[in-house]
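Keep the sequence and the model open while reading.

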Amino acid sequence: MDPVSWLLEPLQHVFMVKALLISAVVGGVCALLSCFMTLKGWALMGDAVSHAVLPGVVIAYALGLPLAVGAFVFGVGSVTVIGLIKQSTRVKEDTVIGLVFTGFFALGLILVSKVRSSLDLMHILFGNVLGIRPQDFQQTLVISALVLVVLMVFRRDLVLFCFDPTHARSIGMSTGFLYYLLLSSLSLAAVAGLQTVGIILVVAMLVTPGATAYLMTDSFGAMGVLAVASGILSSLLGAYLSYWSDASPAGCIVVVQTLLFVMAMVFAPKHGLLRRGRHNPSPQWPDP
Amino acid sequence: MTTTPGAMEPPHIAVENLSVSYVGVVALSKASLRLNRGTICGLVGMNGAGKSTLFKALMGFVRPSAGTICINGQSVAQAQRRQAVAYVPQAESVDWDFPLNVTDVVMMGRYGSMGPLRNPRRRDHEAVRHSLELVELWDLRQRQIGELSGGQRKRAFLARALAQGASVLLLDEPFNGVDVRTEKLMAQLFMGFRRERRTLLISTHDMDHVTGFCDQVVLINKTVLAYGETSEVFTRENLARTFGCRL
């Protein structure tokens with residue numbers, strides 16, 4: 001088949017146009033957020049929050065509220081619970097995270113099976129980008145736009161928060177505010193990602209593009225651009241591959257993201273394995 | 001300036017009877033010290049003696065259970081709002097792989113005096129340039145921070161404190177892993193800071209650096225045991241009390 005019809009034929013279907021649009025938007029926004037996640041070392045936190053939002057999503061659905069509201073409450077709530085348990089027991093943090101998010105997730109599973117609704121568990125777990133409902137489509141666009149604006153407006157503060165929170169505090173910035181800002185963005189992005197790739201794989205969208213871009217550059221600005229580009233590219237390419245191979249769209253999107261990461265790992269201009277073999281990854285130059 | 005030396009100038013840093021405890025564990029009790037403007041002061045004590053607690057108190061991170069801190073005659077919060085206190089982290093606590101170049105890091109010193117979007121204006125660029133020239137890093141301003149040598153890394157963070165316009169610099173173990181050449185450069189920079197009437201509080205456990213660099217020294221072990229001129233304070237008896245053993 002010639003490449004032009006490979007690209008154009010799927011566009012004759014409204015569901016594919018919508019799927020491409022929403023995956024690209026969500027892929028791009030999650031990718032921007034993933035830069036902060038990887039630099040702050042919050043990958044595990046992303047995994048936790050994306051799972052812990054499940055009961056919130058189900059409750060919001062049952063009450064007819066926007067899903068984002070439920071996701072927000074349970075996303076922030078789960079991290080608060082993690083903090084409380086960590087403070088008041090001797091259990092180590094990664095154990096607490098693993099314990100809390102699976103607990104929340106399991107609660108969500110019970111709610112899904114008990115709440116009478118058309119909410120399909122498989123769609124929540126693995127995404128339903130090809131059959132997204134109109135109200136979910138709009139909600140996801142609004143959430144994505146909101147997260148995008150927050151990240152752009154506060155990007156300099158957030159970079160400083162990730163890099164050197166002590167300095168941020170010492171010049172009078174509120175690190176508590178930035179912490180909850182990043183956490184809220186994470187909860188909202190998780191519910192946006194839920195629509196496209198589902199709860200299980202959303203953490204890939206929140207981690208992989210940032211990690212890919214981190215290997216490609218030493219400038220935060222370039223990292224953001226590269227992450228967003230790789231996020232959007234993976235979403236579009238993944239959706240096309242899914243169409244032509246009749247395979248799971250979520251699976252295709254995340255596999256493309258992972259392949260991009262592997263390529264960056266091998267071929268990245270400075271930090272790729274091919275380069276890195278020749279000298280140290282971050283050399284301590286001798287004083288001249 | 002026409003003030004006569006030794007005139008009644010208020011101390012730059014005045015800590016009175018400061019006590020800090022974390023959930024029942026006393027980190028500092030009844031610590032007092034006074035430092036005049038333009039002092040280079042060593043802060044000497046064992047690990048866990050309260051050095052970082054004193055720093056945290058001076059930055060307003062911990063709420064004292066008793067006592068007061070005045071910086072330039074103001075409360076810590078006021079001093080913080082005026083960008084008066086800068087913290088220079090120890091090299092081990094910095095993520096040197098972070099995708100930032102030298103200019104990015106030094107510009108972060110300006111954030112406190114910028115608008116909410118942290119868009120640098122002309123005076124911010126000028127302050128960054130001036131600071132980088134002072135620490136002789138202007139030519140390396142585009143380098144990713146991990147590509148700097150050990151000494152250059154220290155100077156980058158000193159430049160950030162300068163760009164901030166801080167008059168009180170808290171330096172955490174600045175001599176760890178520096179070579180002789182960097183030490184000389186740092187000594188020169190510190191002299192310059194003293195001439196500009198900045199006050200430096202340098203946490204270290206290395207006695208040689210204290211006698212080499214510092215006008216004054218504070219000995220700390222859960223409280224301030226002694227402070228004053230280095231030659232007077234650095235006695236065998238005081239050091240034995242600081243390190244809890246006989247030397």
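Two residues are in contact here if their C-beta atoms, placed from the backbone, lie within 7 Å. The model is predicted.

**The contact between chains**

Chain B puts 31 residues into the contact, and chain A puts in 26 residues. On the side of chain B that touches chain A, helix 2 (76–81), strand 5 (85–88) and helix 5 (150–164) of chain B each supply at least two residues. That side of chain B has 14 nonpolar, ten polar and seven charged residues.

Two packed helices are described by the angle between their axes and the distance between the axes. Two pairs follow.

| Helix pair | Axes come within | Crossing angle |
|---|---|---|
| Helix 2 (residues 14–40) and helix 12 (residues 198–216) of chain A | 6 Å | roughly 70° |
| Helix 12 and helix 14 (residues 249–267) of chain A | 9 Å | roughly 20° |

Helix 12 of chain A is therefore roughly parallel to helix 14 of chain A. Their crossing is left-handed. Residues of helix 12 of chain A in this contact include A:Leu201, A:Ala204 and A:Leu215. Helix 14 of chain A brings residues including A:Val254, A:Leu260 and A:Phe261. By class, this contact has twelve nonpolar, five polar and no charged residues.

Helix 2 of chain A and helix 12 of chain A are roughly perpendicular to each other. Their crossing is right-handed. Helix 2 of chain A contributes residues including A:Gly27, A:Cys30 and A:Leu33. Among those they meet as a group in helix 12 of chain A are A:Met205, A:Pro209 and A:Tyr214. This contact, too, has twelve nonpolar, five polar and no charged residues.

Key:
Residues are numbered from 1 along each chain as its sequence is written. Chains are lettered from A and ligands numbered from 1 in the order in which they are written. This is a predicted model: local features need pLDDT of at least 70, side-chain atom pairs count only at pLDDT 80 or more; totals for chains, interfaces and linings use all residues. Helices (H or I, at least four residues) and strands (E, at least two) are DSSP runs, numbered from the N terminus. Ala, Val, Leu, Ile, Met, Phe, Trp, Tyr, Cys and Pro count as nonpolar, Asp, Glu, Lys and Arg as charged, and the others, Gly among them, as polar. Axes are lines fitted to C-alpha atoms, for helices over the stretch in contact, and angles run from 0 to 180 degrees between N-to-C directions. Angles under 35 degrees count as roughly parallel, over 145 as roughly antiparallel, 65 to 115 as roughly perpendicular and the rest as oblique. A crossing is left-handed if the near helix is turned anticlockwise from the far one by less than a right angle, and right-handed if clockwise.
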